[in-house]
Each structure stands twice: as C-alpha cells, then as structure tokens.
Amino acid sequence: MSLKTIFTVLLASLAQASPVPEHDQIGGVLICNDPNGQGHCEYAVYELEKCYDLPEALINNAATFAPDDAPFYCYPRLTECGGLCMSPTGCTFGAVSYDYDNKFNLTRIGWNEYITSFDCYLNQTEDATARI
Ligand SMILES: *[C@@H]1O[C@H](CO)[C@@H](O)[C@H](O)[C@H]1NC(C)=O
Ligand SMILES: *[C@@H]1O[C@H](CO)[C@@H](O)[C@H](O)[C@H]1NC(C)=O
C-alpha cells in the first residue's frame, strides 16, 4: 500500500466516524421514550410550519422532546396531524424551544403520555419584539 492509499483510507474512515448530528440545527429535534435522552430516540431536522406525526415507537411515549440550540420552537400536540382539536388551547401545552426547562423530562408535566404530533416555527426577529 502506498502512503497515499493509506492516507485516503484513513480520511474515509474519519469521515464515517462522525454520525452524531450537529445539535444546533433550525428544526432539529431529539425525541426519546425516556427522560434525559434515554430509551429509544429519534433525531431529525424537520421542516418548519409543517405538522409531523410522531413515529410509532414514540407516539404517546416521549419524555424527551428537545429542540436544538437554535431560534425556533415547536408545539407538541395531542391530536394527529389534521386531527380535529376541540380545545381552545390548540391541544398543546405551549411552545417548546431549547430554553424550555422540562424538555428533557416531560413526565414532570405529564405530557410524556400525550404527544402525538408537533409542528415547529422560526422565532420572531428582533424587529418584531422591538415593536411591542
Ligand atoms: C424562541 O421562542 C420561544 C417561544 O416563544 C422562546 O421560548 C425561546 O426562548 C426563543 N428562543 C430564542 C433563541 O430567542
Ligand atoms: C422525571 O420527572 C418525574 C416526575 O417529576 C420524576 O419522578 C423522575 O424522577 C424524573 N426523571 C428524571 C430522569 O429526572
């Protein structure tokens, strides 16, 4: 093996050795069965302003719902996408962003048994806040 071949092989294996996603993506959410990112987890970067039903393994069984460290927030919901929500609160407990305290343990508010779907939105710009 030439030195160049060894180097190329080494580079290729290095590139493959980092499957851990960057956790600062807009729309990136880690969802797991158990608190603190334990149990079965799924991480993906989701499109904003679009409803997603939770995967089978996580539906009504997600204690971790942790958005990435980026300026966006999500509404975890009781009903599936397109489902009829009869509650004036929109069948959500409110916005969950990186800054939300219970994102790594929704058991604290009982919502580990309830999330069926969610949708995410970009935070308002500074301009919008300044107008208040
Ligand atoms: C984005 O908005 C959410 C919901 O209003 C808020 O909790 C969060 O702190 C905001 N994040 C940033 C980075 O401004
Ligand atoms: C999550 O919250 C529940 C309810 O408050 C608590 O009993 C449990 O110990 C917490 N789990 C972790 C890992 O913090």
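Buried means under 20% relative accessible area. Keep that cut-off in mind on this tour of a predicted model.

**Stop 1: the whole chain**

Show the chain as a cartoon. Two helices and seven strands make up its secondary structure. Trace the elements from the N terminus: the order is α-β-β-β-β-β-β-β-α. The accessible surface is about 8500 Å². Carbon and sulfur atoms account for 54% of that surface. Of the 132 residues in the chain, 32% are buried. Next, think about contacts between residues at least 6 apart in sequence. Of these, 67% join residues at least 24 apart.

**Stop 2: strand 4**

Select residues 64-67, which form strand 4. Show the side chains. In a regular strand, side chains alternate between the two faces of the sheet. Which residues lie on each side of strand 4? Thr64 and Ala66 are on one side, and Phe65 and Pro67 are on the other. Each of these four is buried, so both faces of the strand are covered.

Pick out leucine 30 in your viewer: its place is opposite alanine 66 of strand 4.

**Stop 3: threonine 116**

Move along to threonine 116. Look for this residue in the loop between strand 6 (96-97) and strand 7 (117-122). Is threonine 116 buried or exposed? Its relative accessible area is 9%, so threonine 116 counts as buried.

Now show what surrounds this residue. Leaving out residues up to four places away in sequence, threonine 116 touches Tyr52, Asp53, Leu54, Ile59, Asn60, Arg77, Leu78, Thr79 and Glu80. Zoom in on asparagine 60. Its side chain makes a polar contact with the side chain of threonine 116, at 3.2 Å.

**Stop 4: ligand 2**

Finish at ligand 2. Which residues surround this ligand? Select Pro35, Asn36, Asn105, Thr107 and Arg108. This shell has one nonpolar, three polar and one charged residue. Focus on asparagine 105. An N or O atom in its side chain is 2.3 Å from an oxygen atom of ligand 2. On its own, ligand 2 has 360 Å² of accessible area, and the protein covers 42% of that.

Terms used. Residues are numbered from 1 along each chain as its sequence is written. Chains are lettered from A and ligands numbered from 1 in the order in which they are written. This is a predicted model: local features need pLDDT of at least 70, side-chain atom pairs count only at pLDDT 80 or more; totals for chains, interfaces and linings use all residues. Side-chain values use heavy atoms; hydrogens and water are left out. Buried means under 20% relative accessible area, exposed over 50%, partly exposed in between (1.4 Å probe, protein chains only). Two strands pair if DSSP finds at least two bridges between them. A polar contact is a pair of N or O atoms within 3.5 Å; within protein, one must be able to donate a hydrogen and the other to accept it, and residues adjacent in sequence count only if both atoms are side-chain atoms. Contact means heavy atoms within 4.5 Å. A residue is near a molecule or strand if one of its heavy atoms lies within 4 Å of it. Accessible areas come from the Shrake-Rupley method with a 1.4 Å probe; for residues, only the protein chains shown count as cover. Ala, Val, Leu, Ile, Met, Phe, Trp, Tyr, Cys and Pro count as nonpolar, Asp, Glu, Lys and Arg as charged, and the others, Gly among them, as polar.
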